[in-house]
Structures are given as structure tokens and as C-alpha cells.
Amino acid sequence: MLRKARMNRILVIGGTGTVGRQVVAQLAATGAQVRALVRNPGAAHLPSQVEVVRGDLTLPDTLDACLHGIDAVFLGLDRPAAAVALGLERITKHARRIVYLSAPLKTAHPLFQQPNALRAMFEQIERSIETSGVQWTFLRPGMFAANALSWWAPQIRAGDFVRWPYLAAPTAPIDERDIAAVAVRALCEDGHAGAEYVMTGPQSLSQLEQVATIGRVIGRSLRIEEISPDEARRELLTIGPLPAVNMLLRAWAAAIGQPAHVTSIVAEITGAPPKTFLEWATDSAAEFQT
Ligand SMILES: NC(=O)c1ccc[n+]([C@@H]2O[C@H](COP(=O)([O-])OP(=O)(O)OC[C@H]3O[C@@H](n4cnc5c(N)ncnc54)[C@H](OP(=O)(O)O)[C@@H]3O)[C@@H](O)[C@H]2O)c1
């Protein structure tokens with residue numbers, strides 16, 4: 001049960017994304033008035049009770065219509081801080097509350113402490129929000145379970161081989177539905193202003209264990225082979241540009257040798273335990289099958 005909802009008119013920016021789509025669906029289920037700002041309404045495929053409005057965070061003039069009458073904004077996307085600075089200014093003038101999907105920038109675990117460009121972007125956007133005077137909550141999820149869809153699903157759909165670097169690196173993958181559930185609380189309830197929620201899945205699992213879990217769920221014995229970082233740089237450009245691949249390689253390398261950082265924030269905020277990777281893989285099994 002949500003505590004008394006004080007913010008009932010909510011704009012979701014990034015509502016077609018991995019987490020944002022769940023935020024939209026869960027907000028709609030609470031009966032809140034949900035508006036989604038999307039760049040391409042025709043391709044958004046959001047629930048019918050959601051008001052879909054065309055807009056682009058990097059084009060400030062498209063935002064006024066999207067922000068009209070809005071109490072709170074969920075912001076879940078990565079775009080360069082300079083590109084969204086003016087858009088963010090408009091949002092903080094209109095809205096009373098922002099829930100920003102960031103990352104565990106301040107958590108001492110080495111997985112989260114490797115220098116990278118994304119980190120600087122999150123820091124700059126957080127600074128703009130903090131200094132704007134709006135009520136804010138920062139969500140700091142660790143690795144998404146849903147990364148498996150772009151990392152491993154293409155290989156698993158194509159055959160029984162998975163080639164991957166740093167198989168021993170542990171993470172605590174978090175289900176996007178749990179991130180969204182915390183976001184919905186922070187958007188709708190009072191009591192989350194100024195909070196920074198570092199949230200993870202319930203278990204530390206090596207990448208090898210995560211791929212093997214998917215294999216078990218779909219009933220196939222996958223052959224999982226470790227590749228070197230150099231091979232990964234050549235082979236994994238399908239999952240993102242080279243700087244993103246290098247960022248992941250550095251993080252996994254640094255994470256080896258100690259368990260992943262695990263927090264109890266999802267249960268504390270939502271009252272329900274976070275979903276395991278096994279549950280996520282079971283619910284996502286179709287994505288790994290041809
Ligand atoms: N993956 C992880 O393990 C992880 C961990 C911690 C934090 N994060 C961070 O979490 C955030 C959200 O990730 P995600 O995977 O949910 O995102 P995602 O699936 O890539 O979705 C991004 C969303 O942003 C929208 N968008 C992009 N540019 C836009 C613009 N200029 N104006 C308005 N909307 C725009 C996209 O809409 P369109 O439909 O128009 O493209 C899409 O809805 C990112 O900042 C990511 O870095 C990720």
C-alpha cells in the first residue's frame with residue numbers, strides 16, 4: 001500500500017526505457033494521472049490510460065506543454081548534461097518534485113568507482129537538481145538484471161555458446177520492476193526528499209552464475225567461455241560504443257575477488273523483498289529463446 005499520495009500528476013521522461021516503462025505501468029496501476037514525454041508517440045506502446053505527449057528533453061521549447069499541471073517528474077535517461085541543462089531548468093521551474101534515476105556514485109565498492117564519462121554526467125545533472133530548490137530523490141541502482149537482454153540474449157538465441165569477459169566478476173543484478181517500485185514510492189509519497197537510495201538485487205552472483213541461471217531456466221546447457229578484455233573490445237561493440245565497453249571492462253576487472261555490494265533498500269521502501277535473478281530470468285525466458 002502506498003502511503004498517502006500527495007503528488008498525483010506525474011510526468012515520466014524516459015517512459016519507453018527499461019526502467020521508465022515499468023514506472024509508467026506501476027504508476028498507472030496506482031490510479032495516478034500519468035503523462036509520458038516521448039520522442040515518438042507512435043512507437044511508444046504505453047498503457048491506454050497514460051497521456052502520451054511528444055517532447056524531447058534536449059529541446060526545451062517542447063517541454064512546456066508536457067509540464068503543464070505536473071506535480072512530480074521521473075527522469076530516467078542518459079543524455080549529456082550540457083544537452084539537457086536548459087530542459088532541466090524548465091522542469092525544475094514547473095515541478096515540485098524530481099525523482100532522478102542515477103547510479104551508485106558514492107558507494108565505495110570498486111564496481112562503482114571506476115572513472116568514466118557517464119559518472120561525470122550523473123554528477124552534473126544531480127548538482128543542477130540539488131541546487132534548483134525542487135524536492136529531489138536520487139535512485140542509485142547497481143547493475144540491471146535487464147542488461148542480460150543486450151549482453152547475453154543475442155548469443156543465447158543464436159546458439160549454445162556464450163563468450164564473455166571477467167566471468168568471475170560478481171554483481172547483484174536488480175530487477176527493473178523493483179527499481180520502478182521504489183521510484184513510484186518516491187514520486188507519490190512524502191518522506192523521500194533528499195534521499196539517495198542505493199539499491200541492488202538480493203544476491204551477489206558472478207557473471208558465470210548469471211549466465212548459467214539463464215541456461216537452467218530455458219533448459220539448455222550453455223557452454224560459457226571466458227574471453228580476454230581485448231577480445232571483448234573487438235566482439236562486444238554490439239552492446240554499446242567502445243567507451244561504454246571499456247567502462248564495463250574496468251568495472252568488472254575491479255570487482256573481481258569480493259562479493260557484490262548488496263543493500264536492503266528495495267524491501268525497506270516497498271515492503272516486498274527484491275526479486276532474485278532467477279525470478280527475473282524466469283519471467284524473461286522468452287527473450288532468450290528463438
Ligand atoms: N544498465 C544498468 O545497469 C544501469 C545501472 C545504473 C544506472 N543506469 C542508468 O539508468 C538510466 C536509465 O536506463 P534505462 O536502461 O532504463 O534507459 P533506456 O532503456 O536506454 O531508455 C532511455 C529512455 O530515454 C528516452 N530518451 C532518450 N533521449 C531522450 C530525449 N532527448 N528526450 C526524451 N527522452 C529521451 C528514450 O526514449 P526513446 O523511446 O525516444 O528512445 C528511452 O525511453 C540511464 O541513465 C542509465 O545510465 C543503468
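Helices (H or I, at least four residues) and strands (E, at least two) are runs assigned by DSSP, and they are numbered from the N terminus. The model is predicted: local features need pLDDT of at least 70 and side-chain atom pairs count only at pLDDT 80 or more, while totals for chains, interfaces and linings use all residues. Residues are numbered from 1 along each chain as its sequence is written, and side-chain values use heavy atoms, with hydrogens and water left out.

The chain holds twelve helices and eleven strands. Its radius of gyration is 19 Å, close to the 19 Å that the globule rule gives for 290 residues, so the chain is as compact as a globular protein of that length. Here the radius is taken over C-alpha atoms, and the globule rule is 2.2 Å times the number of residues to the power 0.38. Taken along the principal axes, the C-alpha atoms fill a box of roughly 55 × 35 × 35 Å.

How much of the chain is buried? Of the 290 residues, 51% count as buried. Buried means under 20% relative accessible area, exposed means over 50%, and partly exposed lies in between (1.4 Å probe, protein chains only). The chain exposes about 12,900 Å², and carbon and sulfur atoms supply 53% of that area. Such areas come from the Shrake-Rupley method with a 1.4 Å probe; for residues, only the protein chains shown count as cover.

Contacts can also be sorted by distance along the sequence. A contact means heavy atoms within 4.5 Å. Among contacts between residues at least 6 apart in sequence, 77% join residues at least 24 apart. Isoleucine 239 gives an example, in the loop between helix 9 (229-235) and helix 10 (242-255). Its C-alpha atom is separated by 6.0 Å from that of serine 150, although the two residues are 89 apart along the chain. Leaving aside neighbours within four places in sequence, isoleucine 239 is in contact with Ser150, Trp151, Trp164, Val245 and Leu248.

Aspartate 175 is also in a loop, between strand 8 (170-171) and helix 7 (176-188). This aspartate counts as buried, at 0% relative accessibility. Not counting residues up to four places away in sequence, aspartate 175 touches Ala145, Lys275 and Trp280.

Histidine 45 lies between strand 2 (33-38) and strand 3 (51-54), and tyrosine 166 lies between strand 7 (161-164) and strand 8. Phi of histidine 45 is near 50°, a positive value in a residue other than glycine. Phi of tyrosine 166 is likewise near 50° and positive, again in a residue other than glycine. Histidine 45 counts as exposed at 63% relative accessibility, whereas tyrosine 166 is buried at 18%.

The last topic is the cysteines. A disulfide is a covalent bond between the sulfur atoms of two cysteines. In the search, a disulfide is a pair of cysteine sulfur atoms within 2.5 Å. How many disulfides does a search of the whole structure find? The search finds zero. Cysteine 66 is in no disulfide, and the nearest cysteine sulfur, that of cysteine 188, is 19 Å away. Cysteine 188 is in no disulfide either. Cysteine 66 is buried, with a relative accessible area of 0%, and cysteine 188 counts as buried at 1%.
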